[in-house]
Every structure is written in structure tokens, then in C-alpha cells.
Amino acid sequence: MKMVCYTLKGVSYAYHTHQEIIRNLSIHVPEGKVTAILGPNGIGKTTFLHIALGWLKPLEGEVTLHGTSLGRYSRRDLGKAVSLVPQNEHISFDYSVLEYVLLGRTPYLRPLALPGDEDVAVAREALETAGIAHLEHKPVHELSGGEAQMMLLARSLAQQPRVILMDEPTSHLDLANKGKVFDLVRSLSFRGVSVLLTSHEPDEAFAVSDFTILIGKGGLVMAGDTPEVMSAENLQRIYGVPIRVEKVNGHTHFIWYQCKG
């Protein structure tokens, strides 16, 4: 029997009365695996993550994390259990990279307390894991886009969570940095951390995930082990364009094409 990270039962959410983004979603997300939430832009993938994080409350249904209703977690305990890597983040203060990553230690600190030596050691280990230890003294506003994304990852690692939520983590990265992120994601799952990441790129989702949730305009299309779920037929349902699946040198690629009359 598979261990479950999140369970969503009949979850619905709408930003406006007549704009239902997520409709009657029921799903089990496996623990210790990489789960890809795949679908076109504007379909509700980020909303899914914000519900899982507890930032948004469903209009209907229930979300449980490791068997406990999300609403029963204190803010501090939820901060220790789950972290979010956003697509980008506006940073108002001129932190150094190390100072920013230390913000990930907030759930472990008493109110108004400063980070101690142990917190600094954890933050430096996170920087090392993310491959940016050499940037710890650099001002965050001087980072490149790729460096900034790796810093967001490092802050998330400094929380030492059991679950990491990642919102399109490679959307602003070049090929080299995408590879680093994928390697890091896989290493986290090997350590038992559950990773949920959103994507609109089938190739990337297939390459990194164990479990895939496909979301289309009508809501959930299918969820299950990635090789079984990511078929051309299912992807055509969520993207609305013809797609074929090809294997090149042992790697699976998803190619969309125009129908010619």
C-alpha cells in the first residue's frame, strides 16, 4: 500500500462567484515521490499549490496532510512541514543571499528571536545543496535569474520540510540550471521528501516525476503513475492540440503538430 502525502476530497475553489478554478477534485498524492501537476496556463495549477499550502481555503471539500486536516495545523507546524518555491518573489530588503535563505528558519525560531549558529549551519548546508554556497555574501538584487531561482530553492531547503511545493521551478532557467533543479528534485525524493511541482511542459514533467496529475478545462483528467498517465490521448484532452509520443535514444518526447487539411 502506498503512503499518502496529501488527500483532497471533493475540493472546489473559485476566485469569483462564477469563475470556478478547481471543481470537485478528489485525489491522493503519494508520499516520498515527485508529483507533477500538468496542464495549460491558467488552469489552476498554482491555485492547487496554494490550497495545499493552506494559503487558500476550499469553498467545498477537505484537504488532509499526512492524515491530519490541514486546518488543524498551526502556522508554525505547517511551516515546518511544507515549503513553497514560487516562480519568482519580490524582495523589498537588500538581503545578502545567506540572510535571505535564513528566512527559511522562521518556523523554528521564537517570536523576535534571531537565528543561531545551528540555523546558520542549516542555511549554509542548503546553499551548498543548491550549488550556490559561493554566493552567500552577494546582495540578492545582484543575482541573475538562474541564481535567484536557486536561492529560492535553498530557502525552501532551509525549512527542512517533509513536503516541497514548486511552482514551475524551471520556467526562467537555461538548460544547465534546469538540469541542476531536476537533479536536486530527484535527490530530495530519494531522501523521502515529497515534491509537488507544476508544469505546462510534458517533456519536463515526464523526465522528473513518478506521479502525474493532469488538469484540463473540465477539471481533473487523470492521475496516476507517470508512464501510464502521460499518453498522447490524455495530453490532447488537456491541451486541445494533436500530440504524438516519440522515443529518441531511450528518451520519451511529446511533440505537438498542426493538422493539415
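This passage describes the confidence of a predicted model and a selection of its local features.

Residues are numbered from 1 along each chain as its sequence is written. In this predicted model, local features require a pLDDT of at least 70 and side-chain atom pairs count only at pLDDT 80 or more, while totals for chains, interfaces and linings use all residues; side-chain values use heavy atoms, with hydrogens and water left out.

The average pLDDT of the chain (the predictor's confidence in each residue, from 0 to 100) is 90, and 97% of the residues score at least 70. Helices (H or I, at least four residues) and strands (E, at least two) are DSSP runs, numbered from the N terminus. Confidence is highest in helix α3 (residues 97–101), with a mean of 97, and lowest in strand β12 (residues 251–256), with a mean of 82. Where pLDDT is low, the predicted coordinates should not be read in detail.

R75 belongs to helix α2 (residues 75–81). Accessibility is classed as buried under 20% relative accessible area, exposed over 50% and partly exposed in between (1.4 Å probe, protein chains only). With a relative accessibility of 80%, R75 is exposed. Its C-alpha atom is 8.2 Å from that of P107, a residue 32 positions away along the chain.

Four aromatic pairs are present in the structure. Rings of Phe, Tyr and Trp (its six-membered ring) pair if their centres lie within 6.5 Å; planes under 30 degrees apart count as stacked, over 60 as edge-to-face and the rest as tilted. The pair formed by Y13 and Y15 is edge-to-face, because the ring centres are 5.0 Å apart and the planes stand at 85 degrees. Y13 is buried at 10% relative accessible area, whereas Y15 is partly exposed at 41%. Ring pairs also join F93, Y95 and Y100 in a cluster. A charge sits over a ring if NZ of Lys or CZ of Arg is within 6 Å of the ring centre and within 35 degrees of the ring normal. The charged end of R105 is placed in this way over the ring of Y108, 4.1 Å from the ring centre.

S209 lies in the loop between α7 (202–208) and β9 (211–216) and is buried, with 9% relative accessible area. A polar atom of the S209 side chain is 2.6 Å from the backbone oxygen of A205. The side chains of S209 and T212 make a polar contact at 3.3 Å (a pair of N or O atoms within 3.5 Å; within protein, one must be able to donate a hydrogen and the other to accept it, and residues adjacent in sequence count only if both atoms are side-chain atoms). Apart from neighbours within four places in sequence, S209 is in contact (heavy atoms within 4.5 Å) with V34, A36, R186 and T226.
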